[in-house]
Each structure stands twice: as structure tokens, then as C-alpha cells.
Amino acid sequence: MVVHLKAIGDLRDYIGKEPQAVELREGATLADLLVAIDEHWGKVFPRYLWDVSQRQFRGSVFFLINQEVVKDMRTPLQDGLRIDLLKPIVGG
Amino acid sequence: MAAIKGYAGHQLRVDLNHWEARSEPIPEEMTRKYLGGAGYGARLLYDELPQNIDPLGPENIMLLATGPLSMSQIPGGGSLVLCFKSPLTRIWGESRVGGDVGPELKKAGFDYVIIKGRSAKPVYLIIRDGQWEFRDASHLVGKSVSEKSAMLRSELGDKRLVVLCIGQAGENQVKIASVMCDDRAAGRCGGGAVWGSKNLLAVAIRGTKKVEPADPENFKKFFKSTHDGIKTNPLFLGMQAGGTIGDMPGNDEGGDWPSRNWAANSWGKGTDLFEVYKTKNFIKGYGCYKGCTLACARWVKVEDGEFKTPEHGGAEYESISCFTAYVLNENMEAAIRSTYLCNEYGLDTISCGAIIAFAMECFERGLFSKEQLQGLDLTWGNAAVLPVMVTKIAFREGLGDLLAEGVRTASERIGRGAEEFAIHVKGLEGPAHDPRSGKALAITYATANRGMCHIHPLEGMAWDRGKVDWGMVKYGVPDPNEVERWDERNKGGAVATLQDGLALPEVLGTCKFYMYGGVTVDLWADMLSALTGWAIDGQELLKISERVLNLQRLFNVREGITAKDDRLPERVKALPAFGKYSAEEECVVHDLDAMLREYYQKRGWDPNTGIPTMEKLRELDLA
């Protein structure tokens, strides 16, 4: 199946402005998407965003599905789903 | 006259000359037109302050202003705004403090405290449930903020007393002195010096009254649903997780981290510094007022060593950035220690770090004499000298006496080209955001009524770089996702509208960070309507905000401000001297004048003078 990953804010500098199609196995979860992100962009992200040794985002980068923050990495994904990826700038 | 619902209904007029005060009802018509906070302050100061007064003279007004939404159950309601003529900039002065002081003042029966005059000896004021009392404060002289606060709670026998006070810097009339509520600061513009000039050392507040909403059911519904709605907002969660300092690594990477006195907009050390802080200094996040669910404040410490510092609330993004990247300091613990001292002495962390950075550049260029330096080593990155300089500035010792005047005055006195690298707008030192990360900030800095401020009223770069829209797209602001951060076209008008929206927390008496978390102009309007019984919508709120910003501008015009002052230091616009963006021509601010022309046009201001036109003033019911 294919999901569409859309970067918001700073992450656009590395993933691009347009949604990126990511191919995953049927029945994939958010954890599988993270593995795919590592394969595609793990080497592109700067150190403040991506922990190379842990193969995951550092700090507060959020997955949003239907504009809701989803933290459970076991969340199942469906074909055609749009997933937003956001590193918020919080001000101050 | 019946009190306006949602307001305490009274203001306290204080005459420090005679240790007298009187309570009077707040004027209803003025309340509907200006709401409160910096809005009420704009009207009051414009009407009651004569032109060209000495900001440190007895005639200056120090207004403590809540807003209608300064209530602990309201999202962001822990807020108080101080309005005064700034001794640092000599124009409109405005500074907001979090904590419980705003809600407590309202519970004590007052929406505003209007302070004039000068006490012959040190004094503090107690406000309790509609009553007030003046007391000799001689025993508080020379004490730090935490010492004063503890002494007052002890001698008045009330641990829950909310204390607003100055530290030694305010007593010494340092022009960048803050007014503190425990570890929360009304930092900018030198309000602490105004308190010092009046011999006012503290205001202690305790209240048990309730403020009645016009529509209790709806009011409860709105604030509960708003709390529920924002707690899953990613920006809200982001702020909760990282605090303001959580932005430091990303801002460095994104070119939004002024470094080496603004020679560059990135340094490349942000991630490492943040990792040190996270593993060695961070203890926990907390809310600065009762009822805050955002909890962006950070509890931190330095366990041991040269910069050992007790547990305290601090390590804010701006503060730490001004004591790291600004001065090329790679020692996080020195930065934490220095900002802690700023808060204890009652000094604005932003201006203080900025002034030390300026001093380091003066040192590099050989502009200080041996007599001035008295052995100080102001080499870039010298961590050990930072807390030393904070202390010297707070106590006006040696070189600190000159720097206590702020970078504008200090640079004018030093001369020999120092003005070229004194980074300020209208006399206010710059904070830790860089317009070379997003051009909206260039307009914000040039036009903000209190000077080079990133957040009163607007964090421009959060829109064009960070893609935050604060729900303002429906009011005509371009969707930030369709806007390029370095594009300079069509930003002037957007900034004007955004300023109107983002000034609302200062007028309503709330915390701006809740707007990042999803509280929109429309939600503020709904809550205000339920609280007051007024039928007020987002459009009307924006009109009020526009009126307030124009009136503040008129205050500044009366003090001599024109379009020529809406400027940016050349260095802030130029190609960065080092770092990730040093070859990135696009980040340069190419044509500020063109952006300002758009801004003036949208504002309805004269394109040559920058003064609001009569037509605009009539539209806003200001003429």
C-alpha cells in the first residue's frame, strides 16, 4: 500500500513541500513508516531532528492523522492515507 | 453603577508622594473600546501623560493592568501587563508578566493599579480584598527578588501572598531592570527602573473575591471546551514537551539564532548545547500560574562546579540564547547561572545578554580603556565573565554603569563607530530571533511599538518560517504554507493583520502561547462574550486591537517617532558573516522600505511619515 507523507514547517526543507508517496507492506503501522522514513531521509535530516543511532526523531516531532496527533506507533495505516509530519515552532 | 460583568470593576489610583490611594469605578465606555491590559494602558497613558516627560520622574505612570480574561480558569489567563513610558527607549513601554499576579489582583478587587508620584523613602504597597496599605520598605533595600518575596510573605504571615517586586537593578535604576513575580519577569523596556525611581520596591497582593461571568454556564462551557480542544494540538504538545528552549536547536538550524552580536543568524552549536541542558540541567516542566495546562516553564539547576545554581524556574529560550549564541558562549551552565542572576537582581535577560555581546565587540575593537575594564576579559565566549558582567550591570559597578544605560546610550557615549554594531530598534535591544530566517520578522521589528521586540505584538518568523497561522487565514492573512520564508513581497499587509490578531493577548490579559496551542481570535471572542455578556465577535476584537496599536503609535509619534525610526540595523539585514547561511543571498533583507510601504498602506498610515492618517483615526474612533 501507499501512504502520503506531508511535511509541515522546517521538515519541508528535507522532505519537500509536496506530499511524498511512501510504499509500505499491507497492514503496516506507524512504526513501519518510521523505518521507511529512516531509509528515505534518515541521512538527510540534520542531527537536531533525527537520532541516527536510535533511528527516530528527536524531541517533539509529531505524526498527525486527520489533524490529530497520533503517538501510538502500533497505529495501523491504510492505503491512500495522508499523514502529516510536524516539528512545531512554538515561539518564545 | 453596576460593575461590568467579568471585570472586578474598580481601579486603584496610587499617589506615592503622599502614600495615598483611592478606588474608583472603571469607566464603562473606555472598557468596551479598549478592553483592558495594554489597550486600557494605551488610552490612559495617551490621555494622562504629558509629552516628553522624564520616564524616571515622578510624573511617569506605572500601570498594572489585568485584562478581562486574566482569570486562572481561562486558558492563558495568568497574565498582567505593565504600561509606562520606557526609560530605556523613551517611548511606549509595555511588559507582560505571567504567574498568578493578574488573576490575584482581580480577585483582590481591582482591574488596574495606576501608580504616580515618588515616595520620599522606600515603600511597598499591600492590596487585599479591596483594601490597601502603604508600608515602609527600608528593610527590603538591597535584597534580591527572592529575598524580598520571602521577607514579605513571612512578615505578612501569608505564604500565598503574590508578590510583584524589583531587585537591586531596579533600585539602581538600571534602564533594563525588570519587575518580577517570583521567577516570572516583566522583563522588557525597563519597568523596574521606573519602580526604582518611584522608590516603590514591591506590591503584595491577596484576593478572595470572585469575578462573576454574565453567562456562567456558557462561560464554563467555552473555557472547558477550549482546554479540551487544545490539549491535543501539536503546537501545544510541542511547547509542553520542550518549553521555549526546545526551539533552540531548530532555530540554529533554521537561521533564526542571532549569533556573535548579530554577525550571523546561526552558529551550529544549538543541538549540543540543548543536549547538555536536557541531560544535566533540566528537572521538570511546570505551569507558571494556577490552572495552566500548557506548562512551558522549566525547572532547572546547575548541580555543582563554577556555575553552581540552585533549582529555579528559568532557562527560557530567549534568555539562554542571549547568553550563548549572542556571546559565543559554549558553556550552558554559565548561561543558566547568568540568567538566574538576572532574575534575582531583576534584570531583563534579553537586553542584558545583548549588552554584554555589544561590550564584547567593543572589547575586541579596543574601544574600552584599561580604567574602564579594570581587568575584565571580555573575549568572545569567555563563560566566566558572564555572571560577573550581570552583577556589574545590576549594581552599576565600573563598566556596568555605562552598560546599564542600554546599548543605544552606551554606544553613543563610546562613539568611534560603536553605534554601527549597537543592535536595537528605537532603543530596545534585539531578542533571539533573526529576520534572516523569515522576512515577516523584519517588518515586525521595524514597526513594533515598543521597539525591537519579537513577541509584542507578533512573532513574524513563526508565520513565514514556522508556518503557524493562529487561525488568522480567515481574516485575510495568506496561508503560511503558500508563503516562502525569504520572499519579501506581500508581507507588509499580512504582518499588519497578524499584529492585530496577536496583540490580543496583551489586551485581553492572557498568555500568547495559548494562541500557538490553538486558541484563535474567534475563541477569545466567544469566551469574552460569555464572560461580559457583550455580543463580541472576532472581527470586533481585531478592530479593537487595531485601535490599540494605532493609539500606541500615536503615543510614540507624540514622543517624536516617525517613519525614519522604523528601521533595522544594517548588520541585521546583511549576509551573515559565518555559519550555515553565510553564502545564502536569499536570506538577506533586501528591501525593507518596500515591505514598509505595503505595511503603511495596509495600516492607513502616511507613506512618508508613518503617521496614522485622519481618515484611519476617524475609522477607529480615535479622532
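Met248(B) counts as buried because it has 27 C-beta neighbours inside 10 Å. Buried means that 20 or more other C-beta atoms lie within 10 Å of a residue's own, exposed means 12 or fewer, and partly exposed is in between, with C-beta atoms placed from the backbone. This is a predicted model, in which local features need pLDDT of at least 70, side-chain atom pairs count only at pLDDT 80 or more, and totals for chains, interfaces and linings use all residues. Residues are numbered from 1 along each chain as its sequence is written, and chains are lettered from A and ligands numbered from 1 in the order in which they are written.

Met248(B) sits in helix H9 of chain B. Helices (H or I, at least four residues) and strands (E, at least two) are DSSP runs, numbered from the N terminus. Setting aside residues up to four places away in sequence, Met248(B) touches Gly270(B), Leu273(B), Phe274(B), Tyr317(B), Ile320(B) and Ser321(B). Contact here means that two C-beta atoms, placed from the backbone, lie within 7 Å. Ile205(B) is 43 residues from Met248(B) along the chain, and 35 Å separate their C-alpha atoms.

In all, 27 residues of chain B are in contact with 19 residues of chain A. On the chain B side, H8 (234-242), H9 (248-253), H10 (270-281), H11 (317-322) and H22 (513-516) each supply at least two residues. H8(B) gives the largest share, 7 residues. By type, this side of chain B divides into 11 nonpolar, 10 polar and 6 charged residues. Ala, Val, Leu, Ile, Met, Phe, Trp, Tyr, Cys and Pro count as nonpolar, Asp, Glu, Lys and Arg as charged, and the others, Gly among them, as polar.

Now cross to chain A. Here 5 strands form an open sheet in the order S2-S1-S7-S5-S6, with mixed pairing. Strands pair if DSSP finds at least two bridges between them. Strand S2 (20-23) and strand S6 (68-70) of chain A have a single partner strand each, so one side of each is left without a neighbour in the sheet. Neighbouring strands are turned by 40° against each other on average, direction ignored. S5 (62-65) and S6 of chain A pair in the antiparallel sense over 3 bridges. Leu64(A) has Val69(A), in S6(A), as its bridge partner.

Two helices pack on this sheet. Helix H2 (30-41) of chain A touches S1, S2, S5, S6 and S7 of chain A, and its direction makes about 110° with that of S2(A). H8(B) touches S5, S6 and S7 of chain A, at about 160° to the direction of S5(A). Axes are lines fitted to C-alpha atoms, for helices over the stretch in contact, and angles run from 0 to 180 degrees between N-to-C directions.

Back in chain B, the domain assignment gives domain 1 (10-206), domain 2 (245-428) and domain 3 (432-619). Such bounds come from an automatic or database assignment. The centres of domains 1 and 3, taken over C-alpha atoms, are 27 Å apart.

The largest nonpolar core has 218 residues, and Ala202(B) and Leu347(B) have the most contacts inside it. Such a core joins buried Ala, Val, Leu, Ile, Met, Phe, Trp, Tyr and Cys residues through C-beta atoms within 7 Å. Helix H13 (349-364) of chain B gives the largest share, 11 residues.
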